[in-house]
Amino acid sequence: RSAAQVRGRYARWLAVIRWQRPHLLGSYPLVFFAAPLLVAAWSALAVVLPMAWFGAAWALAARWGLAVAARRASGRSTEGAFVAGWRADYLLFRAWLRCLASAEVEWRGRVFTKGADGRMLLRAR
């Protein structure tokens, strides 16, 4: 699948979460693409507390380790795992933004909107 297809799939999934469980959507960045947030936070803190660089380094190492483990589990080479992990975080971040920005979801060539009960409804043409 292309990155755009994967981003679209996650955006649809996140849109359903947004429609049915909106109180959970704010926590998704902390779960699904936390590494960039952690590195940014620890790096900002390091301006006033130099020991915080260890936190940034830990977050980088943890993200790399997760990417290596994911590649091994899927039978792929671990070469390039660090960059692949960051690309995955970026893709998930873009999908999250996309679900926040749109009241509609496209799936298999059809456009859906949110129904009163949070279900996906086929948009009338």
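Me: In what order do the elements of the protein chain run from the N terminus on?
Reply: Helices (H or I, at least four residues) and strands (E, at least two) are DSSP runs here, numbered from the N terminus. This is a predicted model, where local features need pLDDT of at least 70, side-chain atom pairs count only at pLDDT 80 or more, and totals for chains, interfaces and linings use all residues. Residues are numbered from 1 along each chain as its sequence is written, and side-chain values use heavy atoms, with hydrogens and water left out. The protein chain has six helices and three strands, and the order is α-α-α-α-α-α-β-β-β.

Me: What is the radius of gyration of the protein chain?
Reply: Taken over C-alpha atoms, it gets held up against the globule rule, 2.2 Å times the number of residues to the power 0.38. For 125 residues that rule gives 14 Å, and the chain is well over that, so it is more spread out than a compact globule, with a value of 18 Å.

Me: Which residue in E2 is the bridge partner of Glu106?
Reply: Strands pair if DSSP finds at least two bridges between them. E1 (residues 104-107) and E2 (residues 110-114) run antiparallel, joined by four bridges. Across that pairing, Glu106 has as its partner Val111.

Me: Which residue takes a positive phi in the hairpin of E2 and E3?
Reply: E2 also runs antiparallel to E3 (residues 120-122), with three bridges. Five residues sit between these two strands, and the one with a positive phi near 90° is Gly118.
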